[in-house]
Amino acid sequence: MSPRAAARLESLGFTKIFDYVGGKADWFAAGLPREGRLASVPRTGDIARRDDVTCRLTDRISDVVNRVREAGKETCIVTTAGNVVLGRVRIDRLERDTQALAEDVMESGPTTTRADTTLESILERLSARDVDSILVATSDGRLVGTLYRSDVESSLNEGKIEAGQPAEDEVCCCCEP
Amino acid sequence: MPTSIAREEVQRLMREEAAQLVEVLPTQEYQDEHIEGSINLPLKRLDRETAGRLDDNQPVIVY
């Protein structure tokens, strides 16, 4: 639709016209600001934690392990200089080969989700696969952060409380049966 | 000819050249959710009068 709108504006005499081909799907998938009736409903990008430790393919594992421990984390996300996700290193699963490079020991292509995924659907995916977290990335593969299942559950529970419904783990003592 | 651009260029044009961001989808879709700072000019109603909301001296980005 936007190429036709751009052509129409050009016909009306506008000269500096640009077509954002990715549109709002691309914008929201990157976790960038949105407005509107549904904008206050939290998505994965809104509650992902943005404190991941990152490293490059050629970083020595001994250095990576130190940085991950200092940050109180268990994993390092291997990215390009442009922040595109390539892999993940879990330091608790490493052999003692500290001379290895991140590229030698990383899990390639970790699963990611977009920043505009709804919390209900991501919780379903995480539960089905029995995993506690998932990486959030933009449509062009750049790291946004890590989404934790516990954060998703808390956020959904808060939403229920705000909507006047009892949270799942909350016993309502005064409701009619 | 309109130029196709990616997200980074949209952000740069808005930040550095005060570009006007225009959602051309129907009003209902715009009201549900839109990019922060965008205005709505639905394609079906795009004519000389509605386009008058735009400053033709500044870049216009449609999506």
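Helices α6(A) and α7(A) are oblique to each other. The model you have open is a predicted one.

**Stop 1: the helix pair.** Select residues 119–129 of chain A for α6, then residues 149–162 of chain A for α7. The two helices pack at an angle of about 140°, and their axes are 10 Å apart. Angles over 145 degrees would count as roughly antiparallel, and 65 to 115 as roughly perpendicular; the pair is therefore called oblique. The crossing of α6(A) and α7(A) is left-handed.

**Stop 2: their contact.** Show side chains. On α6(A), pick Leu119(A), Glu120(A), Ile122(A), Leu123(A), Leu126(A) and Ser127(A). Facing them from α7(A) are Arg149(A), Val152(A), Glu153(A), Ser155(A) and Leu156(A). By class, this contact has 6 nonpolar, 2 polar and 3 charged residues.

**Stop 3: the sheet.** Now colour the strands β3, β4, β5 and β6 of chain A. They form an open sheet of 4 strands in the order β3-β4-β5-β6, with mixed pairing. Which strands lie at the edges? Select 53–55 for β3 and 107–108 for β6 of chain A: each pairs on one side only.

**Stop 4: one strand pair.** Zoom in on β5(A), residues 85–90. Strand β5(A) pairs with β6(A) in the antiparallel sense, over 2 bridges. Pick Gly87(A); its bridge partner in β6(A) is Ser108(A).

**Stop 5: a helix across the sheet.** Finish with α4(A), residues 61–70. Helix α4(A) lies across β3(A), β4(A) (75–79) and β5(A). Its direction is at about 170° to β3(A).

Key
Residues numbered from 1 in each chain as written. Chains lettered and ligands numbered in written order. Predicted model: local features only at pLDDT ≥ 70, side-chain atom pairs only at ≥ 80, totals over all residues. Heavy atoms only, no water. Pairing = 2+ DSSP bridges. Contact = heavy atoms within 4.5 Å. Axes fitted to C-alpha atoms, helices over the stretch in contact; angles between N-to-C directions. Parallel < 35°, antiparallel > 145°, perpendicular 65-115°, else oblique. Left-handed = near helix turned anticlockwise from the far one by under 90°. Nonpolar A, V, L, I, M, F, W, Y, C, P; charged D, E, K, R; others polar.
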